[in-house]
There are 2 protein chains.
Amino acid sequence: MRGGIDLGGTKIQAVVIDESDSVAGQARRSTPRDGGPADVADAIAEALEEAAKAAGGTPAALTGIGVGSPGTVNEATGTVANARNLPNWTNPFPLGETLASRFGVPVRVGNDVGTAVEGEAVLGAGRPFRTFLGLWWGTGVGGAIMVEKHRWLGRGAAGEIGHMVIKLGGARCTCGRRGCVEAYAGRAAMERKARRDQKRGVETRLFALMEEHGHDQLTSSVWQHALDEHDAYAEKLIERAIGALGAGAASALNLIDVEAVVVGGGLGTRLGETGVARIREAMLPHLFVDDRPPEVRLSELGDLGGAISAARLAPA
Amino acid sequence: MRGGIDLGGTKIQAVVIDESDSVAGQARRSTPRDGGPADVADAIAEALEEAAKAAGGTPAALTGIGVGSPGTVNEATGTVANARNLPNWTNPFPLGETLASRFGVPVRVGNDVGTAVEGEAVLGAGRPFRTFLGLWWGTGVGGAIMVEKHRWLGRGAAGEIGHMVIKLGGARCTCGRRGCVEAYAGRAAMERKARRDQKRGVETRLFALMEEHGHDQLTSSVWQHALDEHDAYAEKLIERAIGALGAGAASALNLIDVEAVVVGGGLGTRLGETGVARIREAMLPHLFVDDRPPEVRLSELGDLGGAISAARLAPA
């Protein structure tokens with residue numbers, strides 16, 4: 001049995017998988033909004049304990065634990081830095097070591113999106129393709145280029161499709177720059193804009209829905225509820241996000257010309273095939289070779305995909 | 001001895017190279033503006049005859065001829081289609097066959113930019129790098145991704161950095177789409193804008209300089225003359241072009257994270273180290289990992305680079 005953690009800006013998903021990569025237990029926690037890396041590590045440990053319990057065991061009995069983490073991950077040492085969507089997590093924090101000493105089992109830490117896309121390449125929607133682009137639409141917008149089941153890393157940081165520029169001088173991004181895909185499509189950026197616009201008097205049910213469903217953030221499910229209600233403002237922001245994702249993905253395709261795009265991430269998974277069809281549509285006007293558009297597919301491992309893929313980082 | 005042709009939207013450059021890839025003879029023609037593919041093929045043949053003569057021989061005595069061509073090149077058959085910057089060249093034309101039957105020697109046709117960047121990888125500025133991006137700034141904006149001296153082709157059409165979207169809803173591009181890098185930085189697009197703006201009464205010496213130097217197009221040298229005279233309008237358009245190139249190159253780097261960018265093409269070569277330094281500067285604000293920017297280097301094979309690289313396609 002291996003443990004896997006998908007550490008996101010909104011939630012921490014833990015799974016325990018068996019020898020055939022099937023989920024034996026799982027648990028979910030909200031990601032702490034305050035405090036710092038140590039608090040996040042505590043929440044991870046709790047989620048893992050609960051998942052292990054659901055699988056009929058304890059974390060100490062696992063052969064190993066894998067973590068898919070945002071920010072700058074040092075895979076050799078298991079430290080994580082600059083995790084912008086996590087609380088006060090700028091300096092390097094020894095996440096791997098912290099969990100390893102807590103449970104007494106080996107821990108491997110990998111880049112969250114890269115790990116999830118690798119999972120799709122081997123177990124999911126990427127299986128049929130020699131080359132594809134993972135487009136991970138969640139709190140931020142991440143990506144990974146897969147070539148023959150391996151991630152193309154370049155000098156180590158390839159895949160940042162969320163920070164491709166699609167509008168020079170455009171909206172301010174979470175990264176501080178302007179006009180990035182993530183500035184339009186990242187859930188965090190979308191929420192910031194919605195809060196600003198609401199203060200200016202824009203009408204939307206987004207925040208009422210957020211409260212009705214017991215959230216304090218515009219989670220992916222809140223966006224889905226608003227779309228289900230045909231909230232015009234929510235629809236407008238989703239349309240804007242999809243326009244940015246389409247332009248970014250098409251730009252990427254024009255540059256690297258891979259066979260397919262696999263869409264995942266919290267929002268990507270939530271909006272499902274409808275979202276995928278709209279992203280495909282938004283790509284078409286920008287594809288330079290437009291007579292053979294790439295396949296665009298929804299990730300198959302679903303909500304648990306990141307955590308399952310992370311577990312596969314750990315020794316079996 | 002091998003013959004090489006760099007077929008551009010403005011000029012046709014022919015070289016004859018010896019066994020050590022040194023230039024034994026060269027000639028240049030303006031690219032025909034009217035007529036069709038057959039007229040372009042005639043001009044290529046004339047340029048090649050002149051280059052061969054300068055090398056003390058004839059095209060028929062060459063071991064082979066290589067052509068770097070714009071448009072959609074079928075490298076297996078030697079046909080070229082959709083060469084937008086060449087006169088009436090939409091349907092596939094058997095360029096390789098036409099030249100082969102004229103001179104009785106084998107002819108290989110390759111993508112112009114790809115061929116030139118391959119030349120830089122082996123003989124020029126790309127030699128030190130395992131991975132780099134060729135950024136070819138000329139009539140259009142082309143590119144090529146080099147990995148271990150080989151072009152990354154994807155499904156066959158990778159490298160179109162000129163058609164990465166850097167401004168959603170922005171300027172109309174030569175390709176008919178909006179907001180591409182080439183819509184701002186391609187020499188053809190820049191000239192179209194300058195002609196429009198001149199009609200509207202904008203003050204610039206660009207067209208006077210064009211006539212003084214005996215051109216009927218805003219060639220790279222005309223742009224350089226205008227910059228030398230500190231023509232404010234020309235400076236503004238070059239600044240705009242460099243902003244687009246910087247954003248496009250940075251976007252590409254964020255996605256593929258290669259070691260270096262090598263800048264070539266007619267305008268790239270003409271503006272030289274000054275242009276390269278400005279492109280580097282324009283990239284920096286958009287690089288997601290900004291503490292280790294890639295090397296940005298000027299192509300080394302210069303004006304003859306495309307033709308020399310094309311000659312290397314031919315059998316020795």
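Two strands are taken to pair if DSSP finds at least two bridges between them. The views below show a predicted model. Its scores are ipTM 0.92 and pTM 0.92, and chain A averages a pLDDT of 96, with 100% of the residues scoring at least 70.

Trp136(A) stands opposite Gly142(A) in strand 9 of chain A. Strand 9 of chain A is mostly covered, six of its seven residues being buried.

**View of the two domains of chain A: domain 1 (2-115 + 305-311) and domain 2 (128-300).** The C-alpha centres of the two domains of chain A are 24 Å apart. Where these domains meet, eight residues of domain 1 of chain A are in contact with 17 residues of domain 2 of chain A. On the side of domain 1 of chain A that touches domain 2 of chain A, the residues comprise one nonpolar, six polar and one charged.

**View of the contact between chain A and chain B: each side is listed by its residues, 33 from chain A and 33 from chain B.** Helix 8 (residues 232-256) of chain A contributes the most to the side of chain A that touches chain B, namely eight residues. The side of chain A that touches chain B consists of 18 nonpolar, nine polar and six charged residues.

**View of the open sheet in chain B: five strands follow the order 3-2-1-4-7 with mixed pairing.** Strand 3 (23-30) and strand 7 (107-111) of chain B are edge strands with a single partner strand each, so one side of each has no neighbour in the sheet. Neighbouring strands of this sheet are turned by 15° against each other on average, direction ignored. Strand 2 (residues 11-17) of chain B runs antiparallel to strand 3 of chain B and is joined to it by seven bridges. Within this pair, Ile12(B) stands opposite Arg29(B) in strand 3 of chain B.

**View of the helices on the sheet of chain B: helix 1 packs on the sheet, and helix 3 (residues 112-123) lies across strand 1, strand 4 and strand 7 of chain B.** Helix 1 of chain B touches strand 1 (2-7), strand 2, strand 3 and strand 4 of chain B, and its direction makes about 150° with that of strand 3 of chain B. Helix 3 of chain B runs at about 95° to strand 7 of chain B.

**View of Leu62(B): this residue lies in the loop between helix 1 (37-54) and strand 4 (64-69) of chain B.** Leu62(B) counts as buried because 27 other C-beta atoms lie within 10 Å, the cut-off being 20 or more. Not counting residues up to four places away in sequence, Leu62(B) touches Met1(B), Arg2(B), Gly3(B), Val16(B), Ala52(B) and Val105(B). From C-alpha to C-alpha, Leu62(B) and Glu97(B) are 16 Å apart in space, with 35 residues' separation in sequence.

Key. Residues numbered from 1 in each chain as written. Chains lettered and ligands numbered in written order. Predicted model: local features only at pLDDT ≥ 70, side-chain atom pairs only at ≥ 80, totals over all residues. pLDDT = per-residue confidence, 0-100. Helix = DSSP H or I, 4+ residues; strand = E, 2+ residues; numbered from the N terminus. Buried ≥ 20, exposed ≤ 12 C-beta atoms within 10 Å, placed from the backbone. Contact = placed C-beta atoms within 7 Å. Nonpolar A, V, L, I, M, F, W, Y, C, P; charged D, E, K, R; others polar. Axes fitted to C-alpha atoms, helices over the stretch in contact; angles between N-to-C directions. Domains from an automatic or database assignment.
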